[in-house]
Amino acid sequence: MAAIRRREFISLLGGAVAAGPVAARAQQPAMPVIGFLNSQSPDAIADRVRGFRQGLKEAGFVEGENVAIEYRWAEAQFDRLPALAAELVRRQVVVIVAANTPSALAAKAVTTTIPIVFNVAEDPVKLGLVARLARPGGNLTGVNFFSGELAAKRLELLRELLPGVTRVTALVNPTGPTAETALRDIEPAARAMGMQIKVLNASTSGEINAAFATFVHERPDALFVSPDSLFTTRRVQLAHLTTRHAIPATYGSREFAEVGGLMSYGSNQSDNYRQVGIYAGHILKGAKPADLPVVQASKFELVINAETARTLGLTVPPTLLARADEVIE
């Protein structure tokens, strides 16, 4: 009888030892989840996402090791953003990263409690995202990268490349949330330089093709592509059309120059996303968005595609080449 009790005891002890690791695993806290909401497509901003992960790593978090990320991509279909944002709220993510203006506005509309980290071109106070830059005061904070202020700079660089430029066509997506801001920025800047601006609207791939059919008849001196998620997603199409129709064009981010666009000038978005990652990490550690000041972007880059310039028969001034952060041959 004693032998039986001994065997039962050993059996119970062995079961407890075997169950120990399982119980320990069950007691471990669940990995925090970041919701990543973006109006573009993953292939369009792959470098930026790498920057975001780098920022997270600097803050002590590595995807798959001590933090999970759920991605939601609208593929330039802005009307999908509210539903995608609502999905992340239902998922009860710890923080939402909304790293462009359409995504930030959609995220703000669905939650006042989940922290949101944004990366926006416009003044976040005017957008209604924060109360003040120094002390945001709500559940949002992030990065502001001055897209409006950069419009004049892009036109100055365009004139340096094309001294005789006077007639510029601005390509704008009228359905995008930044369309009004883009026009407000470029039109006065162009007038101040004595340039004539004509606006052409395009909100689909087909309308982009139609816009270029108009260019063939009107022959503007240059094209100004306004910052917009749709155009970033269609950057290969735009670069191909500008080259085929021999229209010099300026863009707001390096992704365009990398696929054959002539010239881009804008905020270094990989660095902006890195800062967004750092802020997301701070929030995971307990920081409150209300206490994290909005970061003003400080890195800007000029990228020139020299091969495209030669294809268009343009000679890039040595002074402009010397100022470029990157020249693509």
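Me: Hi! Quick one to start: is V303 buried or exposed?
Reply: Hi! V303 is buried, and its relative accessible area is 0%. Keep in mind that this is a predicted model.

Me: Okay, and where is V303 placed?
Reply: You'll find V303 in strand β12.

Me: Which residues is V303 in contact with, if we leave aside its neighbours within four places in sequence?
Reply: V303 is in contact with R254, A257, L262, M263, S264, E326 and I328.

Me: What about V303 and F231, how many Å separate their C-alpha atoms?
Reply: The separation is 17 Å, for two residues that are 72 residues apart along the chain.

Me: Let me zoom out. How many helices and strands are there in the protein?
Reply: The protein has 13 of each: 13 helices and 13 strands.

Me: Why is the protein said to be more spread out than a compact globule?
Reply: Because its radius of gyration is 25 Å, while the globule rule gives 20 Å for 329 residues, so the protein counts as more spread out than a compact globule.

Me: What box do the C-alpha atoms fill?
Reply: Along the principal axes, the box is roughly 105 × 40 × 35 Å.

Me: And what percentage of the residues is buried?
Reply: Buried residues account for 50% of the 329 residues.

Me: How about the accessible surface, what does that come to?
Reply: About 14900 Å², and carbon and sulfur atoms hold 55% of that surface.

Me: Now charges. How many positive and negative side chains are there?
Reply: There are 34 positive side chains and 31 negative ones, and the centres of the two sets are 7 Å apart.

Me: Back to the inside. How many residues are in the largest nonpolar core?
Reply: The largest nonpolar core has 30 residues, and L155, M263, L302 and L320 are the ones with the most contacts inside it. Several elements supply at least two residues each, among them α5 (147-161), β6 (167-172), α6 (179-192) and β12 (300-305).

Me: Which element gives the most to this core?
Reply: That's α5, which gives six residues.

Me: You mentioned L155. What does L155 touch, not counting residues up to four places away in sequence?
Reply: L155 touches I186, A189, A190, M193, M195 and F224.

Me: What's in the second, separate core?
Reply: The second core has 27 residues, including A44, F52, A59 and A297.

Me: New topic: F78. Where is F78 found?
Reply: F78 is in the loop between β2 (68-73) and α3 (81-90).

Me: It's in a loop, okay. Is F78 buried or exposed?
Reply: F78 is buried, with a relative accessible area of 16%. The cut-off for buried is under 20%, so F78 falls within it.

Me: Which residues is F78 in contact with, leaving aside its neighbours within four places in sequence?
Reply: Its contacts are S39, P102, N173, T175, G176, P177, D228, S229 and L230. One of them, G176, is 98 residues apart from F78 in sequence, yet the C-alpha to C-alpha distance is 7.4 Å.

Me: What does R135 touch, not counting residues up to four places away in sequence?
Reply: R135 touches A290 and D291.

Me: On to T242. Which helix is T242 found in?
Reply: T242 is in helix α9 (residues 235-244). At 4% relative accessibility, T242 counts as buried.

Me: And what does T242 touch, again not counting residues up to four places away in sequence?
Reply: T242 touches F212, L223, I247, A249, Y251 and L312.

Me: Last topic, phi. What is the phi of R219?
Reply: Phi of R219 is near 50 degrees, a positive value in a residue other than glycine. Most residues other than glycine have a negative phi. R219 lies in the loop between α7 (205-218) and β8.

Me: What about the phi of A246?
Reply: Phi of A246 is near 55 degrees, also a positive value in a residue other than glycine. A246 is in the loop between α9 and β9 (249-251), and A246 is partly exposed, with a relative accessible area of 42%.

Conventions:
Residues numbered from 1 in each chain as written. Predicted model: local features only at pLDDT ≥ 70, side-chain atom pairs only at ≥ 80, totals over all residues. Heavy atoms only, no water. Helix = DSSP H or I, 4+ residues; strand = E, 2+ residues; numbered from the N terminus. Rg over C-alpha atoms; globule rule 2.2 N^0.38 Å. Buried < 20%, exposed > 50% of the residue type's maximum accessible area, 1.4 Å probe, protein only. Areas by Shrake-Rupley, 256 points an atom, 1.4 Å probe, with all protein chains shown as cover. Lys, Arg positive; Asp, Glu negative; His and termini not counted. Charge placed at Lys NZ, Arg CZ, Asp CG, Glu CD. Core = buried A, V, L, I, M, F, W, Y, C linked by side-chain atoms within 4.5 Å. Contact = heavy atoms within 4.5 Å.
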